[in-house]
Amino acid sequence: MTELLYMPDTESNYIRSFQAKILFTGRDHVVLDRTAFYPEGGGQPSDTGIISWDGGSSRVIKVEKKGKVIHRLEGSIPDPGAIVTGEINWDNRYEHMKLHTAQHLFSAVVYDLFGGKTVGNQIYSDYSRVDFRPVNLSAEDILDIQAEVNRLIGEEHPISVYKAHRDDIGDMEGVNRVDLSLIPGSIRELRVIDIDGYDVCPCAGTHVRNTGEIRGVEVTRMENKGRDKQRVYYELIDSVSE
Ligand SMILES: [Zn+2]
């Protein structure tokens, strides 16, 4: 079992390099005893980067969770037992962290203002999309949502990450948009992302430590997906003009 170094708290999301031991190898991949690379999942893309060891280095082109955490390499494969240094492509990861944390804000705001639940999301390298249902958002509503998300960013709310028992989560402030019945009952302890008590949501992704780091968002497009589902696309912007 690979220890996921980015899981315990918000600060661990900022680990860019780490040391680990090779447990197993395959034709094009390695399994480590610990990793800070995020494996693709939950709408967040895989990290990429480099692993290096005494005598070599290879590019990490994809990380997947298939029971084990598989690091797919381009280049030579180190031997089992080797100690390696992993380095994450930080620019990409940090972009994912900001886009993903922004998604929590969009989800919270759309629920608060319109009662719409988040039913899907996907992060890309420089934009993101999130699906809401049931909603009937107008272009004006979108501007209100964008303004509210940017207000929460401008207020620089701290974000904390911790574990909570699923039976306790229902009573916590800010969890109203979460449908716990969608999470398998066998999972008793959940990793919770808490945006300053405003939004509390179980999630296994990576996040920034403060909403202010996102700096600003702009909705670029909206699509109707069937009768009662809408897809909203957004990007990060450096400053908010309003
Ligand atoms: Zn998340």
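**View 1: D196 is found in the loop between β12 and β13.** Helices (H or I, at least four residues) and strands (E, at least two) are DSSP runs, numbered from the N terminus. Look at the backbone here: phi of D196 is near 55°, a positive value in a residue other than glycine. The model is predicted, with local features needing pLDDT of at least 70 and side-chain atom pairs counting only at pLDDT 80 or more, while totals for chains, interfaces and linings use all residues. Residues are numbered from 1 along each chain as its sequence is written, and side-chain values use heavy atoms, with hydrogens and water left out.

**View 2: Helix α1 and the glycine that follows it.** Helix α1 takes in 25 residues, 90-114. At 1.5 Å a residue it should span 36 Å, and its end C-alpha atoms are 35 Å apart, which agrees; the expected span is 1.5 Å times one less than the number of residues. Just after α1, G115 takes a positive phi of about 70°.

**View 3: Six strands close into a barrel.** From one strand to the next, the twist averages 45° (axes are lines fitted to C-alpha atoms, for helices over the stretch in contact, and angles run from 0 to 180 degrees between N-to-C directions). Zoom in on β2 (residues 17-25) and β3 (residues 29-32), an antiparallel pair held over three bridges. I22 has L32 of β3 as its bridge partner.

**View 4: An open sheet of four strands.** The order is β9-β10-β15-β14, again with antiparallel pairing. β9 and β14 (217-224) are the edge strands, each pairing on one side only. Direction ignored, neighbouring strands of this sheet are turned by 20° against each other on average.

**View 5: A cis peptide bond joins R133 and P134.** Its omega is about -15°. P134 belongs to the loop between β10 and α2 (139-154).

**View 6: The largest pocket lies between the two domains.** Domain 1 (3-88) and domain 2 (93-236) both give residues to its lining, so that is where it lies; the bounds come from an automatic or database domain assignment. A pocket is an open set of points on a 1 Å grid over the protein atoms alone where a 1.4 Å probe fits, with protein on both sides within 12 Å along at least five of seven lines, and lining residues have an atom within 4 Å of a point. The volume is about 1200 Å³. Of its 44 lining residues, G42, I183, P202, C203 and A204 are the closest to the centre. Elements giving two or more residues include β1 (3-4), β7 (68-74), α1 and β12 (189-195), but β9 has the largest share, five residues.

Methods:
Pairing = 2+ DSSP bridges. Points joined across faces, edges and corners; volume = space filled by probe spheres on them.
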